[in-house]
Amino acid sequence: MSSIDRSQTVGVTRSYEIRTYGCQMNVHDSERLAGLLEDAGYVRAPEGSDGEADVVVFNTCAVRENADNRLYGNLGHLAPKKAGRPGMQIAVGGCLAQKDRDTIVKRAPWVDVVFGTHNIGKLPVLLERARVQEEAQVEIAESLEAFPSTLPTRRESAYAAWVSVSVGCNNTCTFCIVPALRGKEKDRRPGDVLAEVEALVAEGVSEITLLGQNVNAYGSDIGDREAFSKLLRACGRIEGLERVRFTSPHPRDFTDDVIAAMAETPNVMPQLHMPLQSGSDTVLKAMRRSYRQERYLGIIEKVRAAIPHAAITTDIIVGFPGETEEDFEQTLHVVREARFAQAFTFQYSKRPGTPAAEMDGQIPKEVVQARYERLVALQEEISWDENKKQVGRTLELMVAEGEGRKDGATHRLSGRAPDNRLVHFTKPEQEVRPGDVVTVEVTYAAPHHLLAEGPVLDVRRTRAGDAWEQRNAAEAAKPAGVLLGLPKVGVPEPLPVASGSGCGCD
């Protein structure tokens with residue numbers, strides 16, 4: 001078929017679908033990819049289109065042992081669809097694309113575009129080049145071409161947004177391949193970060209999450225060790241910005257000035273996600289984690305002293321090579337001492353290309369599974385106990401959409417407390433929109449959520465709720481025949497799910 005036959009028909013809008021795997025960085029990158037495609041004239045395919053879009057983009061993760069199998073399985077599923085639909089295109093980007101490069105096209109020759117983590121801005125150009133030249137385009141940059149925040153964005157939420165402060169990572173953890181794929185840390189200028197936050201607030205956003213592979217190392221690239229605490233305080237001076245969060249920090253860089261900024265800045269939320277990975281000093285050394293158990297628990301103690309109601313969450317890897325029963329018991333000890341609100345637990349799996357994958361002492365699967373189950377059982381008990389302490393408290397919730405899967409059947413709505421706990425509450429008679437704020441009293445606690453079964457005590461309509469309403473009205477008013485699904489709304493997922501879809505490498 002000729003290039004003319006395959007070209008985009010005048011007046012026909014091409015649709016796109018993006019499938020995202022992995023960590024928060026990938027989720028944010030996908031918002032950029034969506035913005036780039038819409039800026040180039042594509043429209044978003046409806047939810048559940050399952051490969052029926054004209055362009056399907058895979059934004060991949062490379063940190064799980066079976067990441068490539070998952071990708072090629074999905075690509076294989078699309079092969080017959082593409083064969084039957086001339087003009088359909090498939091693109092693969094993200095960490096696995098950065099790592100495997102030409103291998104993807106060799107194993108799946110029906111893929112049209114392969115791009116890396118450093119040049120996501122090239123996607124529309126590469127798609128057009130592949131269409132015109134009728135051959136696959138593989139372009140992997142070795143260093144960042146443009147900071148992603150300079151690119152167009154289609155945010156998933158009208159009222160909550162990610163804001164990147166840096167990309168890349170300077171650590172050398174033996175289980176993590178991210179530095180090799182995303183490069184050394186590169187910081188944005190503080191003025192650029194704050195300008196983006198102010199622009200988002202002007203659009204109606206009331207909650208932002210500062211995002212970095214090692215977010216509290218911010219400043220190392222620009223020579224200011226207190227840059228992150230200064231950034232938190234500066235966010236506190238932005239009128240209309242109600243909630244500030246950040247993820248994920250590293251214990252090595254968690255300094256007293258950051259704790260002070262969290263405690264003294266009213267719109268910085270009482271929530272901290274700080275990866276532990278292991279409670280054993282021996283294992284932490286093998287992981288090349290530059291802290292030890294005493295240091296980690298010391299940080300927890302300081303945070304709790306400064307912010308008594310802070311909810312602290314973490315990541316833990318079970319079964320790292322060489323981990324003994326005594327090492328694992330040290331992890332359980334830290335979990336008991338720290339009393340995390342929630343822990344995202346991962347069974348160690350080999351990350352191809354990492355030093356840990358070649359280490360002696362790989363733990364048998366059945367041993368890892370047994371330890372994992374013990375850890376989960378302990379954390380479930382602690383999470384439930386910590387949530388029970390919330391019963392009777394009066395909380396302000398930012399209303400979300402899509403976070404309560406049973407809300408329709410139970411006639412409830414859902415929202416996030418300041419400490420990021422998920423709360424389901426009775427639907428009030430007054431209209432409540434995502435982004436609005438309600439005041440409720442907690443009446444029941446489960447391990448992973450809270451209930452407020454009584455009447456809502458107060459409803460505060462917000463500019464964020466106005467933004468959500470305006471966005472939905474604009475989508476509903478689009479001309480008939482345009483293939484564009486409504487945006488998924490709700491606060492950005494604060495953390496990878498506990499099943500292990502995130503890299504857990506911070």
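Predicted model: local features only at pLDDT ≥ 70, side-chain atom pairs only at ≥ 80, totals over all residues.
**First stop: the annotated cysteines.** Select Cys-23, Cys-61 and Cys-95, which the unreviewed UniProt entry annotates as "binding site". Although these residues are spread over 73 residues of sequence, they cluster in space, with a largest C-alpha distance of 10.6 Å.

**Second stop: Cys-61.** Select Cys-61 and colour the elements on either side of it. Cys-61 is placed in the loop that runs between strand S3 (55-60) and helix H3 (67-83). Its relative accessible area is 11%, and because buried means under 20%, Cys-61 counts as buried. Now display its surroundings: leaving aside neighbours within four places in sequence, Cys-61 is in contact with Tyr-21, Gly-22, Asn-26, Ala-67, Cys-95 and Leu-96.

Residues up to four places away in sequence not being counted, Cys-95 touches Thr-60, Cys-61, Ala-62, Thr-117, Leu-181 and Arg-182.

Select residues 24-39, which form helix H2. How far apart are the end C-alpha atoms of H2? They are 23 Å apart, which agrees with the 22 Å that 16 residues should span at 1.5 Å a residue. Display the surface as well: H2 is mostly covered, with 13 of its 16 residues buried.

How values were computed
Residues numbered from 1 in each chain as written. Heavy atoms only, no water. UniProt positions renumbered as here; feature names shortened; annotations may be inferred. Helix = DSSP H or I, 4+ residues; strand = E, 2+ residues; numbered from the N terminus. Buried < 20%, exposed > 50% of the residue type's maximum accessible area, 1.4 Å probe, protein only. Contact = heavy atoms within 4.5 Å. Expected span 1.5 Å × (residues − 1).
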